[in-house]
Amino acid sequence: MAEYSAFSLLKNALAGNKDWKPAWRKPDPKASYDVIIIGGGGHGLSTAYYLAKEHGITNVAVLEKGWLGSGNVGRNTTAVRSNYLLPQNTRFYEHSMKLWENLSHDLNYNVMFSQRGCLNLAHTPAQLDDYARRGNAMRHLGVDAELWSVDRIKRLVPALDVSGSARFPVLGGLMQPRAGTARHDAVAWGYARGADRRGVDIVENCEVTGFLRDGGRITGVSTTRGEIRAKKVALAVAGSTGRVMQLAGISHMPIESHVLQAFVSESLKPIVDTVLTFGMGHFYISQSDKGGLVYGGDLDGYNSYAQRGSLPIVDEVMSEMLALFPGLARVRMLRSWGGLCDMTMDGSPIITTGPLPGMYLNCGWCYGGFKATPASGWCFAYTIAKDEPHELNAPFTLDRFYRGLIIDDKGQGANPRLH
Amino acid sequence: MLITCPYCGPRDVIEFTYQGDGNRERPQPASQNLDAWNAYVYDRLNPAGDHNEIWQHSGGCRAHLRVVRNTITHEILSTEFARGGHKSTDNRAEGRS
């Protein structure tokens, strides 16, 4: 599949770049498939890719209601990390990290994965102890973690206010050096191309409007481009999970859809060479390769299906940024946008067979879905192909809430807006 | 977003705290109906459209309000005191619905 190589770049450059193939075809949907994946975001596309690559299942359609990259995969802040406390999460996200580390090579597509690290700032002695505990938990499972001193943090991020007069003085931080960022659009395009070249049909502008049933079993979907049958129907629709599950007759889920905003500033020279998170509120920032500061904060905090945010959160995010970087007060914000997050009751995702016969469900990514993209697709493809979970996603069931097996990394309980 | 508190009048959303789905019914404290408790704690109606929800005017009179809000447009369709709207029940026919 090596379409991109030094030789092909040179050849096409000399030929005026007229001979490149489209990255994916624009097929009309067939009457039936082995597997339909609803949702052409990162998780849907990576699921299709790994179904074809790992399990040889290529008679697959990915149905996307808009265009590729129009949903959450193009709306996130590109951070990738595996710095969790609980072993179920750590193992899963570390698997994702290992897939990230080889992803550009695997896809023959440069996803610009940059291991610039992720640093969580601590502002109280108790918080520093808590980060030490989390770092130890990570290292027990073979994940990299380092407890950093203020001096070392100051050397990495000189613009950060680490003085004692800061509103929330920095006492140290937990660094995961292997964490970083990836180019989110390239991740979608790379997976789409990889799946397409293996035979998967990627059908854009095809919105699912209902489910076809035979008795209680899901046997396909009705869409704005006609009815399509399938042996297996898999959902990977992120923030729209509530809406799509209602089409299948399931009105109640352990999920609320919330909107999360993100922001980009004008381009600056490099000042933040890592992904930095503020421990005293909810704020995170990194700098894109173009120089724009990419940052975000809390959810708006109430159910929303609007892909735009509200002003109070803009105000809060900006004030948290200034608490860390007083020197950025006059930097102009270029744009902001909102993405839909399906927040579960424990802050952890759901990857499972069911809940209806013939259906497979991948949802509940809260606002951590981007970093999970490779492992999510990898585990979901396994679950679809074998009708059982892989060891890595076995804990992420839908019924864990009712069985007392919640995976609540933040210990916030059944309150989505706090995760 | 402005929410009209019946005591205080229209106020900015930053004065309010979201308490979530207003359709949930809390079982009797002594209830041992696990399905009803699970439904109360974990299950949410999550509609794209009009949503019946509870807000507290935590930065004002502190009253709890029942608000009907559109989750796509954020239009507030009605607000009223939540008081009296809390039904207690222990005999939901099917547990989670």
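This is a predicted model: local features need pLDDT of at least 70, side-chain atom pairs count only at pLDDT 80 or more; totals for chains, interfaces and linings use all residues.
Residues are numbered from 1 along each chain as its sequence is written, and chains are lettered from A in the order in which they are written. Totals for chains and linings use all residues, while side-chain values use heavy atoms, with hydrogens and water left out.

Q: How many helices and strands are there in chain A?
A: Helices (H or I, at least four residues) and strands (E, at least two) are DSSP runs, numbered from the N terminus. Counted in this way, chain A holds 11 helices and 19 strands.

Q: What share of the residues in chain A is buried?
A: A residue is buried when its relative accessible area is under 20%, with a 1.4 Å probe and protein chains only. Of the 419 residues in chain A, the buried part is 58%.

Q: Which helix gives the most to the lining of the largest cavity?
A: A cavity is a set of points on a 1 Å grid over the protein atoms alone where a 1.4 Å probe fits but cannot get out, and lining residues have an atom within 4 Å of a point. The lining includes Gly242(A), Met245(A) and Gln246(A), together with Arg44(B) and Asn46(B) from chain B. In chain A, α8 (241-247) and β12 (252-253) each supply at least two lining residues. The element that gives the most, with 3 residues, is α8(A).

Q: How much space lies in the largest cavity?
A: The search of the whole structure finds 1 cavity of 30 Å³ or more. A volume is the space filled by probe spheres set on the grid points, which are joined across faces, edges and corners. For the largest cavity this space is about 30 Å³.

Methods: On a 1 Å grid over the protein atoms alone, a cavity is a set of points where a 1.4 Å probe fits but cannot get out, and a pocket is an open set with protein on both sides within 12 Å along at least five of seven lines; lining residues have an atom within 4 Å of a point. Buried means under 20% relative accessible area, exposed over 50%, partly exposed in between (1.4 Å probe, protein chains only).
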